[in-house]
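I am opening the notebook on this structure and will go through the contacts, the sheet, the helices and a few backbone angles in turn.

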Amino acid sequence: MTDSSNLEALAQQLAQLLSKPGTDQFKSSHLEQELVDRTSAWAVGLWKKTETDLHLICFGYANGFDDQVADDFQAATLKVSLEQTQLGIVNAVVHQRPALARVEEQSGDLRKSAGWLERFGARCSLSCPISDQSGEIVGVLAVSWADAWKQDDEVPQNLLSLADKISEYL
C-alpha cells in the first residue's frame, strides 16, 4: 500500500468515526498508533461536535508520553463545552479555523491548551476543524508536538491535509 493510499484509508476510517451515530469513544490501538505516526504526534485526538459539546472519539500518544497525563487529559476532554474557547479544540470549532497553541502562551487566548501542553511536555498543538460536505463543522482533529512548529511548516501542513481529506469523506 502506498503512502497516499494509507492516508486515504486513515481519512476514511476517521470520517466513519465522525459519521457514526452517538459519541462513544472508539478504542483501536492500531488506528491510534497509525494516527500518531501519520501526524508525527506526541499526542493526537479526534472529537465529534454536538450542538453544545465536543466528545472525545479517539486519542493516541507516542511512546514515552506519561500514561497518567494521558488518562487525566482523556477524562478532562471526554466531553467539553463549546464555551471553553481557551482550549484549541473548542476555539477551532467556534471560530471555524485552525487554532495553534504554544506552551509559552500561558495567558493567551488558548491558555488552557498551553497548560495541557506543559503537562504533556509538548511545545505546541494544532487543532483543525473538520467539516462535512455542506460545510458544517462536525468534529476537530488536534495534535500536540514535542517540537515547536509554525502553522506553515511541513508537519502542521500534513495535519491540515489530513483534516481536509477526512472532510472529503463526510
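Leaving aside its neighbours within four places in sequence, which residues is Leu 46 in contact with? Before answering I note that this is a predicted model. Once the neighbours within four places are set aside, I find Leu 46 in contact with Leu 14, Leu 17 and Leu 18, with the run His 55, Leu 56, Ile 57 and Cys 58, and with Ile 130, Val 140 and Leu 141.

In general, nonpolar side chains tend to be buried together in soluble globular proteins.

**Entry: the sheet**

Next I traced the strand order, which reads β3-β2-β1-β6-β5-β4 in an open sheet of six strands with antiparallel pairing. The edge strands are β3 (79-81) and β4, each of which pairs on one side only. From one strand to the next, the twist averages 25 degrees.

At the β3 side, I found that strand β2 (residues 53-61) runs antiparallel to β3 and is joined to it by three bridges, where Asp 53 has Ser 81 in β3 as its bridge partner.

At the β4 side, strand β4 (residues 99-102) pairs with β5 in the antiparallel sense over four bridges, and Leu 100 has Leu 126 in β5 as its bridge partner. On pairing with β6 (residues 137-145), β5 is again antiparallel, over eight bridges, and here I see Cys 124 standing opposite Trp 145 in β6. How covered is β5 (residues 124-131)? I count it as mostly covered, since seven of its eight residues are buried. The hairpin of β5 and β6 has five residues between the strands, and within the hairpin Gly 135 takes a positive phi near 95 degrees.

**Entry: helix α2 against helix α6**

At what angle do helix α2 (residues 29-39) and helix α6 (residues 154-168) pack? The angle is about 135 degrees, with the axes 9 Å apart, and α2 and α6 are therefore oblique to each other. On the α2 side I find Leu 35, Arg 38 and Thr 39, which meet Val 155, Leu 159 and Leu 162 in α6. By type, the residues of this contact divide into four nonpolar, one polar and one charged.

I followed two of these residues further. Thr 39 lies in helix α2 and, at 4% relative accessibility, counts as buried. With neighbours within four places in sequence left aside, Thr 39 is in contact with Val 44, Val 143, Trp 145, Val 155, Leu 159 and Leu 162. Leu 162, which lies in helix α6, is buried too, with a relative accessible area of 0%. Not counting residues up to four places away in sequence, Leu 162 touches Leu 7, Leu 10, Ala 11, Leu 35, Arg 38, Thr 39 and Leu 141. I also took the C-alpha separation of Leu 162 and Val 44, which is 13 Å for residues 118 places apart along the chain.

Which residues of α4 are buried? They are Gly 88, Ile 89, Val 90, Asn 91, Ala 92 and Val 93, and with six of its eight residues buried, helix α4 (residues 88-95) is mostly covered.

Most residues other than glycine have a negative phi, so I looked for exceptions. Gln 96, which follows α4, has a positive phi of about 55 degrees although it is not a glycine. Gln 96 lies in the loop between α4 and β4 and, at 62% relative accessibility, counts as exposed. Ser 40, in the loop between α2 and β1 (43-49), likewise has a positive phi, near 55 degrees. Is Ser 40 buried, partly exposed or exposed? With a relative accessible area of 46%, Ser 40 is partly exposed.

Methods
Residues are numbered from 1 along each chain as its sequence is written. This is a predicted model: local features need pLDDT of at least 70, side-chain atom pairs count only at pLDDT 80 or more; totals for chains, interfaces and linings use all residues. Side-chain values use heavy atoms; hydrogens and water are left out. Contact means heavy atoms within 4.5 Å. Buried means under 20% relative accessible area, exposed over 50%, partly exposed in between (1.4 Å probe, protein chains only). Helices (H or I, at least four residues) and strands (E, at least two) are DSSP runs, numbered from the N terminus. Axes are lines fitted to C-alpha atoms, for helices over the stretch in contact, and angles run from 0 to 180 degrees between N-to-C directions. Angles under 35 degrees count as roughly parallel, over 145 as roughly antiparallel, 65 to 115 as roughly perpendicular and the rest as oblique. Ala, Val, Leu, Ile, Met, Phe, Trp, Tyr, Cys and Pro count as nonpolar, Asp, Glu, Lys and Arg as charged, and the others, Gly among them, as polar. Two strands pair if DSSP finds at least two bridges between them.
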